[in-house]
Amino acid sequence: MAASRRAFTLPMPATAPETPDAPASFEAALAELENIVSTMEGGQLPLAESLAAYKRGAELLQYCQTALKDAQQQVQILERGVLKVFAAGSGDTPARNDEP
């Protein structure tokens, strides 16, 4: 009898909903945020543009924080399934959840 293989899929990250201004990726959001910070630090933007840049920066920061949180959760899910304590000569002993 052939053993059946069960596919394992990770949940998709719960990032901000797609909008016309949504970044294409975490890296794109981070690059845009760095550009905004650099521009604002120059102190040459008029008040209205500074406020708009601040608002966009806050949106990008939220997007990046959500993406990082989602990635952290996915890593934790993966670790629960594959982490094992390594001790020479002890074989494959599963990791305990209470260990740091």
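## Salt-bridge network

Glu 32, Arg 56 and Glu 59 are linked in a network of salt bridges. The model is a predicted one. The count of salt bridges comes to two.

One joins the side chains of Arg 56 and Glu 32, at 2.9 Å from N to O. Arg 56 sits in helix α2 and Glu 32 in helix α1, so this pair ties together parts 24 residues apart in sequence. The other joins Glu 59 and Arg 56, at 3.6 Å from N to O. Glu 59 and Arg 56 are three residues apart in helix α2, which means a separation of about one helical turn.

## Accessibility of the charged residues

How exposed or buried is Arg 56? Its relative accessibility is 18%, so Arg 56 counts as buried; the cut-off is under 20%. Glu 32, at 29%, counts as partly exposed. Glu 59 is partly exposed too, with a relative accessible area of 39%.

## Helix α1

Helix α1 covers residues 26-41. Its 16 residues should span 22 Å at 1.5 Å a residue. The end C-alpha atoms are 22 Å apart, which agrees.

Which residues of α1 are buried? They are Ala 29, Leu 33 and Ile 36. These cover an arc of only 60 degrees around the axis, so they lie on the same side of α1. An α-helix has 3.6 residues a turn, so residues three or four places apart point the same way. Helix α2 (47-82) is included in what covers the buried residues of α1.

On the other side of α1, Glu 27, Glu 34, Asn 35 and Glu 41 are exposed. Just after α1, Gly 43 adopts a positive phi of about 70 degrees.

Technical notes: Residues are numbered from 1 along each chain as its sequence is written. This is a predicted model: local features need pLDDT of at least 70, side-chain atom pairs count only at pLDDT 80 or more; totals for chains, interfaces and linings use all residues. Side-chain values use heavy atoms; hydrogens and water are left out. Helices (H or I, at least four residues) and strands (E, at least two) are DSSP runs, numbered from the N terminus. The expected span of a helix is 1.5 Å times one less than its number of residues. Buried means under 20% relative accessible area, exposed over 50%, partly exposed in between (1.4 Å probe, protein chains only). The arc is that of the directions from the helix axis to the C-beta atoms. Contact means heavy atoms within 4.5 Å. A salt bridge is a side-chain nitrogen of Lys or Arg within 4 Å of a carboxyl oxygen of Asp or Glu.
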